[in-house]
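Good morning, and thank you for the time today.

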Amino acid sequence: MTLSHTSPEPQPETTYKRVLLKISGEALMGDQGYGLHPPTVARIAQEVQSVRDLGVEICMVIGGGNIFRGLQGSAQGMERTTADYMGMLATVMNALAMQSALEALNIHTRVISAIRMDEVAEPYIRRRAVRHLEKKRVCIFAAGTGNPYFTTDTAATLRANEMACEAIFKGTRVDGVYDKDPKKFDDAKRYDTITYDDVLTKRLGVMDASAIALARDNNLPIIVFSLDEPGGFRGILAGRGTYTKVHG
């Protein structure tokens, strides 16, 4: 009897080999108004798994706005530095939740914190983090830059540059960058590509100004796409899908 062997289906050639995925803390809430929604965290973990299966090295930065946002705390009378540190701790909670979801999929994951908390996360050491990526582990960078007055957008751009990522993927609720809010205006126009300077001058809110400037100065493209579209993250890396590319 002859046994037939079927060869594994070839994976598509990917556009990028190492990327950073930036998502907001609100993306983990699902339809709740606050906190973590485990099925949503698990779904995003599956999106990350699908891209990792293409052979892409992935690191992540997750915001903390679903738990605590430093700027809002400051606006309500809290001292700004204290509020920002509280926001950084919220990002660590989100990072641990994502680590748990990824490891449930048998993906080796490291949470790397800019604020030392050795019992729950590794301290940020650039060479060690690069080595994790080379070993195909997912690295989740938590606690922002470790400094108040800097957003997780800026932290994401900083870490992407330090890790020599080829692009930042900004996962949002819409499929790109629009000239105005597409949920409020039916005639909103989506950009296929747009320059860093246009994002800044038109105040399009892709990321905060310091993050955009840092990406521009290092020629690091930003891909804005919908995290709500199943398979969207993998599709873009495989050369298809709807998104906006911010570049020079």
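This is a predicted model: local features need pLDDT of at least 70, side-chain atom pairs count only at pLDDT 80 or more; totals for chains, interfaces and linings use all residues.

With which residue does Glu-57 form a salt bridge? The partner is Arg-18, and the closest N and O atoms of the two lie 2.7 Å apart. The term salt bridge here means a side-chain nitrogen of Lys or Arg within 4 Å of a carboxyl oxygen of Asp or Glu.

Residues are numbered from 1 along each chain as its sequence is written, and side-chain values use heavy atoms, with hydrogens and water left out.

Let us return to the first pair. Glu-57 belongs to strand β2 (residues 57-62) and Arg-18 to strand β1 (residues 18-23), so that the bridge links distant parts of the chain, 39 residues apart. Helices (H or I, at least four residues) and strands (E, at least two) are DSSP runs, numbered from the N terminus. Both Glu-57 and Arg-18 are buried. Buried means under 20% relative accessible area, exposed means over 50%, and partly exposed is in between, using a 1.4 Å probe and protein chains only. Arg-18 and Glu-57 also belong to a network of salt bridges that takes in Lys-136. By the rule I gave, the count comes to 15 salt bridges.

Asp-228 and Arg-173 meet through their side chains at 3.6 Å, N to O. This pair, too, links distant parts of the chain, 55 residues apart: Asp-228 is in the loop between β10 (222-226) and α8 (232-237), and Arg-173 is in the loop between β6 (167-172) and β7 (177-178). Asp-228 has a relative accessible area of 37% and is therefore partly exposed; Arg-173, at 43%, is also partly exposed. In another salt bridge, Asp-118 and Arg-116 are 2.9 Å apart, N to O. Here Arg-116 counts as exposed because its relative accessibility is 59%, whereas Asp-118 is partly exposed at 47%.

I now turn to the helices. Two packed helices are described by the angle between their axes and the distance between the axes. How do α5 and α7 pack, at what angle and how far apart are their axes? Helix α5 (residues 152-162) and helix α7 (residues 209-217) pack at about 20°, with axes 7 Å apart. Axes are lines fitted to C-alpha atoms, for helices over the stretch in contact, and angles run from 0 to 180 degrees between N-to-C directions. The two helices are therefore roughly parallel, a term for angles under 35 degrees.

Which residues meet at this packing? From α5 come Asp-153, Thr-154, Thr-157, Leu-158 and Asn-161, and from α7 come Ser-210, Ala-211, Leu-214 and Ala-215, where contact means heavy atoms within 4.5 Å. Within α7, Ala-211, Ile-212, Ala-213 and Ala-215 are buried. Their cover includes α5, α6 (196-201) and β10. Just after α7, Asn-219 takes a positive phi of about 50°.

Finally, consider the loop between β5 (138-142) and α5, where Ala-143 lies. Ala-143 has a positive phi of about 65° although it is not a glycine, and it counts as buried because its relative accessibility is 0%. Tyr-149 lies in the loop between β5 and α5 as well, with a positive phi of about 75°.

Terms used. Angles under 35 degrees count as roughly parallel, over 145 as roughly antiparallel, 65 to 115 as roughly perpendicular and the rest as oblique.
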